[in-house]
Amino acid sequence: MSIFSGLGALGRGLFSDNKGPWGQAPGDGGGDEPPSGGNQGPWGDTPKRRRRADQASGNNISSLDEWLQRSKQRLGGGGGGGLPEGAGGNLVKFAVLGIVVLWLLFTTMHRIAPEERGVVTRFGRYSHTLTPGIGLTLPAPIDRVQKIDVENIREINLGSASEETLMLTGDQNIIDIAYQVRWKISDPELFLFELAQPEDTIKQVAESVMRQVVANVSLQGAMGAQRGVIEGLVAQEMQQTLDGYKAGVSIQGVAIRQADPPAAVNDAFKEVTAAQQEAESYVNQATAYALQLKQKAQGDATAFDKVYEQYRLAPEVTKRRMYYETMERVLQGVDKTIVEAPGVNSYLPLNELKRSPVREPAQ
Amino acid sequence: MTGFVRRHPLMSGIIAIFALFLVMSSFTVVPETRQGIVVRFGKPVRIVNSYDVKRPFGSVGAGIAWRIPIAENVVWLDKRVRDIDMERQQVLSTDQLRLEVDAFARYRIVDPLRMYIAARTEDRVETALRPILGSQLRNELGKRPFASLLSPEREGVMENIQAGLNRVAHQYGVEIVDVRIKKADLPDGTPLQSAYNRMITARQQEARSIRAEGAKRAQIIRAEADADAAKTYAASFGKDAAFYDFYRAMQSYQITFLGDANNKPAPTTVILSPQNDYLKEFSGR
């Protein structure tokens, strides 16, 4: 019971102290008399109470002083549960005041960094967007500010080197593809209010658009030559789709990090590369042969031409000279047998003849 | 008033708290991202902040809304574009090939009242629409050959699916914003394996043709070289066929019996007759 009475006293004290936000009954206008200097409440005193105070002491100011004093007394010595003394009460008041000031300071002033925008909602309704600098708003429960970074380029990575992300290409082949989407928030209000799961949405759209674009190119194109085209098309198509959702997102770029045949068929693709190398080496060998042959033919022809020039000057002598010189060289290095008389048959070593068949030199 | 408070502190405190509660509960904050249905004893009476295409943010709708305390409460529905993610579906094309399709739809609640009456929560709408999305997808894709399933966007299939889904979605007060196919893969097992085999054989074929093509090029290069050499020889040797015959014979003897820089010939034994032209002076005539 003592606690209750204490609470009651505290309640009374608070009420009559005129500090609480709902301390005074509504409907008191507060306009019939200008509020006096010592009055701390926003709406002044109720006429009813004022009348009563007037009756008590006739003088307005003194009655107010008296009333303040009385309320202090009430606060100070109100039963067991009340505050022990006036100084402590002041401290609490200052603390509360300090908290209120801090709270106002923190919730009305907003520092918006250069890359940020502050989306202000007043009781949930979109009010305006703060640009970089210091922005002022109403305090917290009324205005709320959501800071959105509009310059930061975010990345979504789809597919990875460790796991296969298979897609069907236009020629019904399968490709393992990994890519990255870079995006940023272009319209913070739309981004906050239009999509339930913006990041998931972007990811799903990226997957679907990539599938769509890859399904329209050939495997060879997707693996090599048309990568740039694919990246451009995906970015463009994603932007269109997201604009259709009013996502407030701008696609900065799509990069294909990897576009390879699946592991199961990789060997066959390597074989193609090997075949290309092999074909190239065939050609190289043939080219080498051609060069060699050309040089040889030119050398032979030139040698013949030179000798022929000399031969033309003295045909008979040159021919005989060449004949003897050649025969000399030839017969010098071989075993020779001369059979003198036509009727004589010499013994021929057959084993040697077998090894080296007889050749008839010149006629 | 003050007198009453002084006389009945406990009572007045309770009354104040109750009044506060009443005031607080008769106002509610409507954010931009939600639309609300005010329900009086289970009966929907008003809609706050319902979706309207033409209305930009911050005009009307969101903000503070009132309601009768205790009697009315507000049911919140999402105002944003939401996602229905379908489970994988196997689709059979007209040429009896299978494809596993993963799709999603994006929707928005455009008629909160109807949506509340028909389904109450977003989850239930999604559960209701998911199988319909699946069957629409199967129906539309099943009418087409496999080749055109790979890029259904080209033939307006997605529009048909969206329209079909929208007819049902309309009964739930929901509008389908977009339907897209996220993945279209060959099912694991035989279809995937046969696709791999096809890729492998195609590559092998390519490898062979590349090799053959290389061999062909090599052959042509060799033949051209031979022809060039023949031309060079003919131009030079054709000047005097008789002398060429003699010249080449001399070279030939030398190479045959003595070898050239690379090859040594087998040892040779020559049996000469004194009638031989080379030995004609031997007889001393």
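A salt bridge here is a side-chain nitrogen of Lys or Arg within 4 Å of a carboxyl oxygen of Asp or Glu. Keep in mind that this is a predicted model.

Q: How far apart are the closest N and O atoms of K296(A) and D300(A)?
A: Start with where they sit: K296(A) and D300(A) are four residues apart in helix α9 of chain A, so about one helical turn separates them. K296(A) is partly exposed at 48% relative accessible area, and D300(A) is partly exposed too, at 30%. They form a salt bridge, and the closest N and O atoms are apart by 3.2 Å.

Q: Which residue's side chain makes a polar contact with the side chain of E140(B)?
A: E140(B) lies in helix α4 (residues 122–141) of chain B. Leaving aside neighbours within four places in sequence, E140(B) touches V157(B), N160(B) and I161(B). The polar contact, at 3.3 Å between side chains, is with N160(B).

Q: How much area do chain A and chain B bury between them?
A: The contact draws 111 residues from chain A and 100 residues from chain B. In chain A, the residues that lose the most area to chain B are Q204(A), R211(A) and F304(A), together 7% of what that side buries. Of the buried area, 63% is on carbon and sulfur atoms, and the total is about 9,800 Å².

Q: Which residue of chain B meets E207(A) in a salt bridge?
A: Side chains of opposite charge can pair when their charged atoms come close. Across the interface of chain A and chain B there are four salt bridges. In one of them, at 3.9 Å from N to O, the side chain of E207(A) meets that of K183(B).

Q: Which residue in β10(B) stands opposite I338(A)?
A: Strand β10 (residues 335–338) of chain A and strand β10 (residues 269–272) of chain B run parallel, joined by four bridges. Within this pairing, the residue opposite I338(A) is L272(B).

Note on methods:
Residues are numbered from 1 along each chain as its sequence is written. Chains are lettered from A and ligands numbered from 1 in the order in which they are written. This is a predicted model: local features need pLDDT of at least 70, side-chain atom pairs count only at pLDDT 80 or more; totals for chains, interfaces and linings use all residues. Side-chain values use heavy atoms; hydrogens and water are left out. Contact means heavy atoms within 4.5 Å. Buried area is the accessible area (1.4 Å probe) that two parts lose on being put together, summed over both. Two strands pair if DSSP finds at least two bridges between them. Helices (H or I, at least four residues) and strands (E, at least two) are DSSP runs, numbered from the N terminus. A polar contact is a pair of N or O atoms within 3.5 Å; within protein, one must be able to donate a hydrogen and the other to accept it, and residues adjacent in sequence count only if both atoms are side-chain atoms. Buried means under 20% relative accessible area, exposed over 50%, partly exposed in between (1.4 Å probe, protein chains only).
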